[in-house]
Amino acid sequence: MKKIESILRVEKLKDVTDALREAGIGGMTVSEVRGFGVQTTRPESFLFVPKVKIEIYVSDSQVKEIVAAIVKQCASGKLGDGKVAILPVDDCIRVRTGERGKKALF
C-alpha cells in the first residue's frame, strides 16, 4: 500500500478530483494549505501561496495511474505547479469495522 500526497494549485482541484474519480480511487482527503517554493522572490507579505493538499491511500497497483492523472491535470510548465510524494504504508485500519490492509482502503 502507498500514500500519495500532492500539493497543487487551488484552481486545479476540480480537474484533479474528476480525473481521480475516473481512475477509481476509494476516497481522498483535501486540506487547504499555504506554502512557498522556489518563487521566494515574492514580497514578504505574499510569501505563502494558497494551495490544496490531497492525501490518498492506494494499493501498489494503482500508484502509476493515480500519479499520472494528477500530473496530467496539474502540469502547466510554470513555477508552482505542485509536488507529488509517494510514501510506503505498513498497514491501514478502517476504524468502523476493524478491517486491515487493502480491505480498509475501499
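User: How many salt bridges does the structure hold?

Analyst: There are eight salt bridges in the structure. The criterion is a side-chain nitrogen of Lys or Arg within 4 Å of a carboxyl oxygen of Asp or Glu. The general idea: side chains of opposite charge can pair when their charged atoms come close. Before we go on, note that this is a predicted model, where local features need pLDDT of at least 70, side-chain atom pairs count only at pLDDT 80 or more, and totals for chains, interfaces and linings use all residues. Residues are numbered from 1 along each chain as its sequence is written, and side-chain values use heavy atoms, leaving out hydrogens and water.

User: In what order do the elements of the chain run from the N terminus?

Analyst: Helices (H or I, at least four residues) and strands (E, at least two) are DSSP runs, numbered from the N terminus. Here there are two helices and four strands. Their order is β-α-β-β-α-β. The C-alpha trace spans about 50 × 25 × 20 Å along its principal axes.

User: Which residue forms a salt bridge with Asp 81, and where do the two lie?

Analyst: Arg 9 is the partner, with the closest N and O atoms 3.3 Å apart. The pair links distant parts of the chain, 72 residues apart. Asp 81 sits in the loop between helix H2 (63-74) and E4, and Arg 9 in the loop between strand E1 (2-8) and helix H1 (13-23).

User: Is Asp 81 buried or exposed?

Analyst: Read the relative accessible area: buried means under 20%, exposed over 50%, partly exposed in between (1.4 Å probe, protein chains only). Asp 81 has 16%, so it counts as buried. Of the 106 residues of the chain, 34% count as buried.

User: Which residues are linked in a network of salt bridges?

Analyst: Lys 3, Glu 5, Lys 53 and Glu 55. Within it, Glu 5 pairs with Lys 3 at 3.0 Å between the closest N and O atoms. Lys 3 is buried, because its relative accessible area is 14%. Now take another pair: Asp 91 and Arg 100 meet at 2.5 Å, N to O. Asp 91 is partly exposed, at 34%.

User: What does Ser 59 contact beyond its sequence neighbours?

Analyst: Contact means heavy atoms within 4.5 Å. Leaving aside neighbours within four places in sequence, Ser 59 is in contact with Met 1, Lys 102 and Leu 105. Ser 59 lies in the loop between strand E3 (49-58) and H2. At 8% relative accessible area, Ser 59 is buried. Across the chain, residues 24 or more positions apart account for 70% of the contacts with a separation of 6 or more.

User: Where is Glu 99, and what does it touch?

Analyst: Glu 99 is in the segment after E4. Not counting residues up to four places away in sequence, Glu 99 touches Cys 92, Ile 93, Arg 94 and Ala 104. Glu 99 is partly exposed, at 30%.

User: Which residues make the nonpolar surface patch of about 220 Å²?

Analyst: Patches are made of residues with over 30% relative accessible area and no salt bridge: like charges are joined within 9 Å, nonpolar side chains (Val, Leu, Ile, Met, Phe, Trp, Tyr) within 5 Å. Areas come from the Shrake-Rupley method with a 1.4 Å probe; for residues, only the protein chains shown count as cover. Here the patch is made by Val 71, Val 84 and Ile 86. Ile 86 is in strand E4 (residues 82-88). Its relative accessible area is 43%, so Ile 86 is partly exposed.
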